[in-house]
Amino acid sequence: MANDTKKIVTLGIMSALGAILMIIEIPYPLVPFLMIDLSDVVVLVIFAFYGWKEAATVGLLKAIIHALTKGAVGPMFIGQITAFIASMSYVLGMYISANKLNLNRLLSAVVSVLVVTIILTVANYLFITPIWFGETTYLDIKDWVTPATFELDVKGGYLLTILIVYVPFNLLKGTIITSVFYMVYRSISFLKPETK
């Protein structure tokens, strides 16, 4: 019973910490409306300590708390929805690389960053970017969203736009998130609860 209470309290505190870290944003220099925050580090710590269900809980709660305190980011809370998708992508990447493939930290980080980049690039192509622009699917914007829409001096269509806007951003953010996660985890791994 004491362990369950400690776990619930830990998940609550970490969800609040994640929401706070979502507010502390660093603009991405190439596309200033994209922001880098460290909230997914909290989700990865919970994943390492407890598992994917608890990580999903913290990822969802931090997005909800952020929405309640800051308001909707983009139409239909697409910013918070994207944050949750990103959190679960990091968890999936770590699960595949560390738990299934049993890779070392460096390779695990590389696989995780690639998983996140692929998932978020596809999601941005299909529905995140269209919703951000007030539409429903990529079919609604594929003819008019170009690199110029993001003030990039490159010629190309919608697919190229998505690739040059989101791939470098997610590679950079993923590298930062996984690096900070491993530094933090190394410092606090002694706190990991005993499994039965």
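## The pocket lining

The residues lining the largest pocket split into 14 nonpolar, 8 polar and 6 charged. Here Ala, Val, Leu, Ile, Met, Phe, Trp, Tyr, Cys and Pro count as nonpolar, Asp, Glu, Lys and Arg as charged, and the others, Gly among them, as polar. This is a predicted model, where local features need pLDDT of at least 70, side-chain atom pairs count only at pLDDT 80 or more, and totals for chains, interfaces and linings use all residues. Numbering runs from 1 along each chain as its sequence is written, and side-chain values use heavy atoms, with hydrogens and water left out.

The largest pocket has a volume of about 550 Å³. Of its 28 lining residues, Leu34, Met35, Val73, Gly79 and Thr82 are the closest to the centre. Two or more lining residues come from each of α2 (39–49), α3 (52–70), α4 (78–100), α5 and α6 (158–188), and α4 gives the largest share, 7 residues. A pocket, on a 1 Å grid over the protein atoms alone, is an open set of points where a 1.4 Å probe fits, with protein on both sides within 12 Å along at least five of seven lines; lining residues have an atom within 4 Å of a point. The volume is the space filled by probe spheres set on the points, which are joined across faces, edges and corners. As for the helices, they are DSSP runs (H or I, at least four residues), numbered from the N terminus.

## Helix α2, tucked away

Buried means under 20% relative accessible area, exposed over 50%, and partly exposed in between (1.4 Å probe, protein chains only). The buried residues include Ser39, Asp40 and Phe49. After α2 comes glycine 51, with a positive phi near 135 degrees.

## Salt bridges

There are 4 salt bridges in the structure, each a side-chain nitrogen of Lys or Arg within 4 Å of a carboxyl oxygen of Asp or Glu. In one of them, lysine 7 meets glutamate 54 at 2.6 Å, N to O. Lysine 7 sits in helix α1 and glutamate 54 in helix α3, so the pair ties together parts that are 47 residues apart in sequence. Lysine 7 is partly exposed at 26% relative accessibility, while glutamate 54 is buried at 14%.

Another joins lysine 62 and aspartate 40, with 3.7 Å between the closest N and O atoms. Lysine 62 is in helix α3 and aspartate 40 in helix α2, so this pair links parts 22 residues apart in sequence. Both lysine 62 and aspartate 40 are buried. Lysine 142 also pairs with aspartate 143, their closest N and O atoms being 3.5 Å apart; lysine 142 is partly exposed at 34% and aspartate 143 is exposed at 66%.

## A nonpolar patch on the surface

Leu106, Val110, Leu114, Ile118, Val122, Leu126 and Leu171 make up a nonpolar patch on the surface, with about 620 Å² of accessible area together. Helix α5 (residues 105–132) gives the most to it, with 6 residues. Valine 122, found in helix α5, is partly exposed at 44% relative accessibility.

Patch residues have over 30% relative accessible area and no salt bridge; nonpolar side chains (Val, Leu, Ile, Met, Phe, Trp, Tyr) are joined within 5 Å, like charges within 9 Å. Accessible areas come from the Shrake-Rupley method with a 1.4 Å probe, and for residues only the protein chains shown count as cover.
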